[in-house]
Structures are given as C-alpha cells and as structure tokens.
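Colleague: I'm new to this one, could you put it up and talk me through it?

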Amino acid sequence: MKKAGSAADEDFGWRRAWSGSAAREGVWSNIRSAEVMLLQLVSDEEAAGRAGEVMALVKEHLEADDPRRVRLARRLRSILSGEISPSDRDLMVRALDAAYNALDDELARVRSLRNILWTATFLVLLGVAGLAVYGWFFPQSLSMCFTPKVDPGNAGGIDVVCPTAEHRNVPAGTPASDLAEPRDILTVEIAGLAGAALTVIASLRRIRGTDAPYMLPLASAVLKFPTGALSAFLGLLLIRGAFVPGLSDLDSRAQVLGWAAAFGAAQHLVTRLVDDRAQMTLAEVGRTTDAVVDSERAAVKDSDVPGETGAPGPQAAFQDGAGPREGAQERTREGAPAGEGAEGARPRAGP
C-alpha cells in the first residue's frame, strides 16, 4: 500500500503523458497484490464469503481450461458451505493472483497499443509537415500542377491547373512545374484532412464505450487525420505520374482538390485495420482469450496436478467453469468404491 501511495503521489511533469498511465497501473497492481495477501490472513468465514467474488474474477480473466479455474470450480460449493481447508485457501490465493496478473497483462497490451498509435500519429504528422515545408521552399520539386489537353481553338497556348490557381493561355512549352505555388502541397494536405474527417465521423458508429483506463479509440481516430493528408499527396502524385489511366489530365482546380479529398478519405482502407485491432484489444480486457473450451484437455491438466486424485475425466470441465455437480470424486468421498463411482459417472446409453 505504501508503494501504491507513493506511485499515486508522484509528479511526472511533462512525462505524465507517457509515464502517468504506467504509474496508475502500478497503483492498481499494488492494491491487487494487497488484496491477495489479505486473502491469506482473513478468517475462514471471510475467505468462504469471498469465494464467489474470487471465482467471478477467475472466470473473467483465466482461460476456461486453466487448471486453477477448473479446480476452484470443483471446490466452490464446498468452500461456500464453510468446508474450507488450508489447501482450498491456497488454491483461492493462487487463482486470484493469476487472475489479477492476467488483468495486468490485458491492460498493459491496451497501453502498449495506445502508445504505438500515438507514436505512429506523431511520425506521420512529422512527415506531412516536412512535405509541406519542403514544398513551400521548393515548389517546383514536388509540383502538383497538371496540363490538360490543349484546346483545339487555341493551339497557341496551354492551360496549367494547380491546387491553388489556374493558368490559362500559357505559352506552349512552358513546364507546368514552373507555375507551382508554395502553398500547393499544403492545400492538398488540407483537402486530404477534410476527406479523412468524414471517415472519422463515419467510424464513430462502430466505436463503443469502454471501461479501460486508456482512450484507445481516440488514438485510432486521430491517426486518420495525418494519414489522410499523406494519402492525398501520394494519390495526386500517382495521378501526375500517369499511374492511374485516364486521370493524368485534371481540367480544373476543383478537380484537383476533389481528388485530394477522395484520396484523403481512401486512407480508411488502411486505417480500418488499425480500428479493428484496437477494438479487438479492448474486447480482450475482461474476457478470456481462449474461446474454445477443450474439456478433455482441461481434465488432463487438472489430473496431472500433484496432490489431486480421482480426476472425474473429460466431463469435469464445463464451458461456464462451474464444474460437475456430481461425479466419481463425490461418491469416493462418501465411501463408495472407486469402480462404482466411475460407473455412475459414465453417461447412460439408450433412449
């Protein structure tokens, strides 16, 4: 608890954006460790009263065929009735500690993905800003200007269309890059940002609220803006290089900006994979990662644990983790022969 208090009171200053979240994890991790230690010290009555809470946490964070979950499910009814032994208490402590460790790992994955998304956003934004600065000082190097087909009625001049201006009746032979403006690339990126904003609004319908302590959907949405600006620049660059058949000659400034916005919205084809990964990571918090329950593997795991005898076989592990209501173990405990108990646990044939 002292460690939790010191971590909560620590002032990170400018490092709070990165270290503050990890410190909060440390606070809760130490509090959970204290709860595990208290479970070792409380009376048998209080430990039995907390058995249901422990089982709920175990079912929420441990796999369905985890041996600790299976064994605790078998002993849950006896523990709740007050028949708790030192081995039962040790089992509860170990299962609760494992559940809390799994929860810490789940939250750590959310925080790690959040940090990756913010880092990627910063790097893409840095690249977009670098392109805008370079285009401002060297507009001819990254020209976004197009030369439509020459008007047959005015063969003596050509038209040059740029993102910020349209030049009519330019003398033939004039390179289009000579008419590029410093604001061209910045204008294209702004149009890409506008297109990306539409996809962010459209993606809000898929975003669900979460009780995780990190704004992972926000980080995923913010990444779309600089990515849209970058995709708008790259899309127009491909058009100007005649990589898209039939679009090498844009006729007006409105067409240039329209295609820039369209390419900015097209970034959703890539960033939606990031959205799916973020939603999947959030869904794994508080839900076991093994959705398919192999009851036979669970029984084998449980029977291999030292000190456990008379494993009831494949029917011991149910999908809900509740364990068997009756089985060979209960009959053996009541004094029935082991063979008779095993026969009673075998499913009947026939109608």
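Modeller: Contact here means heavy atoms within 4.5 Å, and helices (H or I, at least four residues) and strands (E, at least two) are DSSP runs numbered from the N terminus. This is a predicted model, in which local features need pLDDT of at least 70 and side-chain atom pairs count only at pLDDT 80 or more, while totals for chains, interfaces and linings use all residues. Residues are numbered from 1 along each chain as its sequence is written, and side-chain values use heavy atoms, with hydrogens and water left out.

Colleague: OK, so which residues of α6 and α9 meet?

Modeller: From α6 there are T121, V124, L125, V128 and L131, and they meet P226, T227, A229, L230 and F233 of α9. The axes, which are lines fitted to C-alpha atoms over the stretch in contact, with angles from 0 to 180 degrees between N-to-C directions, lie 9 Å apart at an angle of about 40 degrees. The two helices are therefore oblique to each other, a word for what is left once angles under 35 degrees count as roughly parallel, over 145 as roughly antiparallel and 65 to 115 as roughly perpendicular. α6 passes α9 in a left-handed crossing, meaning that the near helix is turned anticlockwise from the far one by less than a right angle, with clockwise being right-handed.

Colleague: And how does α6 sit against α11?

Modeller: Their axes come within 9 Å and cross at roughly 160 degrees, which makes α6 roughly antiparallel to α11. This crossing is left-handed, and R109, V110, L113 and L117 of α6 meet V274, R277, A278, T281 and L282 of α11.

Colleague: What about α5 and α6?

Modeller: Helix α5, residues 67-80, packs with α6 at about 135 degrees, and the axes are 10 Å apart, so α5 is oblique to α6. The crossing of α5 and α6 is left-handed, and the contact involves R68, R71, L72, R75 and I79 on the α5 side and D88, L91, M92, R94, A95 and A98 on the α6 side.

Colleague: Switching topic, how many disulfides does the structure hold?

Modeller: It holds one disulfide, a term for a pair of cysteine sulfur atoms within 2.5 Å. C145 and C162 form this disulfide, with their sulfur atoms 1.9 Å apart. C145 is in the loop between α6 (86-137) and β1 (157-161), and C162 is in the loop between β1 and β2 (166-171), so the pair ties together parts that are 17 residues apart in sequence. The torsion about the S-S bond of C145 and C162 is about 110 degrees, so the disulfide is right-handed.

Colleague: Are C145 and C162 buried or exposed?

Modeller: Both C145 and C162 are buried, that is, under 20% relative accessible area, where exposed is over 50% and partly exposed lies in between (1.4 Å probe, protein chains only). Across the protein chain, buried residues make up 40% of the 351 residues.

Colleague: What about A194, where is it?

Modeller: A194 is in helix α7, residues 184-203, and it counts as partly exposed because its relative accessibility is 45%. A194 and A229 are 35 residues apart along the chain, and their C-alpha atoms are separated by 8.5 Å.

Colleague: Last one, what is the phi of N169?

Modeller: N169 has a positive phi of about 55 degrees, although it is not a glycine, and N169 lies in strand β2. Most residues other than glycine have a negative phi.
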